[in-house]
Amino acid sequence: MNEESTIGPLGRWLAVVIGRVDSLPRKSHAVLFAYLAEKMFPLYERFCEVADWDASRELRMCLDSAWHALLRPTPLNARKAAIDIQRLAPDGELHDAPGSTFAQDVVICVDEAWSALSGGILRSSRIEFGLEAVSLKASVAVSLDYSVEGARRVAWEHELHRLTFVADFVSEVNTIVDMLASGPDASLIEAIRARALAVPVGP
């Protein structure tokens with residue numbers, strides 16, 4: 001069985017885009033993950049509302065502080081030190097999917113943006129958590145089983161990739177990575193944030 005038959009179109013895209021994210025400047029890396037977190041933030045807010053998880057304001061502050069640091073550079077460790085971002089992720093053992101998964105994905109993207117801003121390790125592979133949220137949301141919407149594996153997983157990816165919602169997300173991320181390739185200035189950062197707010201991944 002060749003590689004093409006065991007990896008679906010979303011898996012192939014993910015492998016390529018991770019390589020492209022690896023080549024981004026550190027500031028661009030931070031902008032990309034802040035963009036993903038902003039785009040998906042309504043999913044976190046919805047989880048907090050349904051699960052009575054009182055952390056939406058704290059994570060919102062973390063994300064707003066990341067945008068502020070990107071636009072008006074200041075000592076970058078202050079907010080990161082003040083709030084342990086990972087603490088704001090719900091335990092999937094204690095909260096039901098898919099809501100807890102969506103919330104975890106958003107927290108990971110905020111954390112990655114701050115890791116880039118504060119000189120931490122860059123983990124480009126974390127972009128998969130943006131794709132996970134979109135794929136899972138699409139799966140729920142069209143009643144596809146997200147947990148399938150092997151050949152059925154490849155078929156599932158083909159089904160998802162044909163959905164406008166998923167295809168648009170893939171195309172938009174490709175565009176954002178292109179925009180960030182040479183490093184962002186303030187106007188570009190503002191434009192990218194506006195794009196995230198204009199077309200959110202809502203609950």
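Predicted model: local features only at pLDDT ≥ 70, side-chain atom pairs only at ≥ 80, totals over all residues.
Among contacts between residues at least 6 apart in sequence, 73% join residues that are at least 24 apart in the chain. The chain has 203 residues, and buried residues make up 44% of them.

The largest nonpolar core has 61 residues, and those with the most contacts inside it are Leu32, Tyr44, Leu59 and Ile127. The elements that give two or more residues to this core are helix H2 (9-22), helix H3 (26-51), H4, H6, helix H7 (128-141), helix H9 (164-180) and helix H10 (186-198). Of the elements in the chain, H3 gives the most to the core, with 14 residues. As a general background to such an arrangement, nonpolar side chains in soluble globular proteins tend to be buried together.

Leu59, one of the residues with the most contacts inside the core, is in contact with Phe41, Tyr44, Ile85, Leu88, Val106, Val107 and Val110, when its neighbours within four places in sequence are left aside. Tyr44, which is listed among these partners of Leu59, is likewise named among the residues with the most contacts inside the core.

The axes of helix H4 (residues 56-71) and helix H6 (residues 99-117) come within 10 Å and cross at roughly 35°, and the crossing of H4 and H6 is left-handed. On the side of H4, the contact is made by Leu59, Cys62, Leu63, Ser65, Ala66, Ala69 and Leu70, while H6 contributes Val106, Val107, Val110, Trp114 and Leu117. By class, the contact of H4 with H6 has 11 nonpolar residues, one polar residue and no charged residues.

Ala196 is found in helix H10, and because its relative accessible area is 0%, Ala196 is buried. With residues up to four places away in sequence not counted, Ala196 touches Tyr35, Glu38 and Lys39. Ala196 and Lys39 are 157 residues apart in sequence, yet their C-alpha atoms are 4.5 Å apart in space. Ser100 lies in helix H6 and has a relative accessible area of 2%, so this serine is buried, the cut-off being under 20%. Leaving aside its neighbours within four places in sequence, Ser100 is in contact with Phe47, Pro90, Gly92 and His95.

Ala51 lies in helix H3, and at 27% relative accessibility Ala51 counts as partly exposed, because the value falls between the cut-offs of 20% and 50%. Ala51 and Asp96 are 45 residues apart in sequence, with 8.8 Å between their C-alpha atoms. Asp52 is found in the loop between H3 and H4 and, at 69% relative accessibility, counts as exposed. The phi of Asp52 is near 55°, a positive value in a residue other than glycine. In general, most residues other than glycine have a negative phi.

A further loop position is Ile121, which lies between H6 and H7. At 62% relative accessibility, Ile121 counts as exposed, because the value is over 50%. When residues up to four places away in sequence are not counted, Ile121 touches Glu112 and Ser115.

Conventions
Residues numbered from 1 in each chain as written. Heavy atoms only, no water. Axes fitted to C-alpha atoms, helices over the stretch in contact; angles between N-to-C directions. Helix = DSSP H or I, 4+ residues; strand = E, 2+ residues; numbered from the N terminus. Left-handed = near helix turned anticlockwise from the far one by under 90°. Contact = heavy atoms within 4.5 Å. Nonpolar A, V, L, I, M, F, W, Y, C, P; charged D, E, K, R; others polar. Core = buried A, V, L, I, M, F, W, Y, C linked by side-chain atoms within 4.5 Å. Buried < 20%, exposed > 50% of the residue type's maximum accessible area, 1.4 Å probe, protein only.
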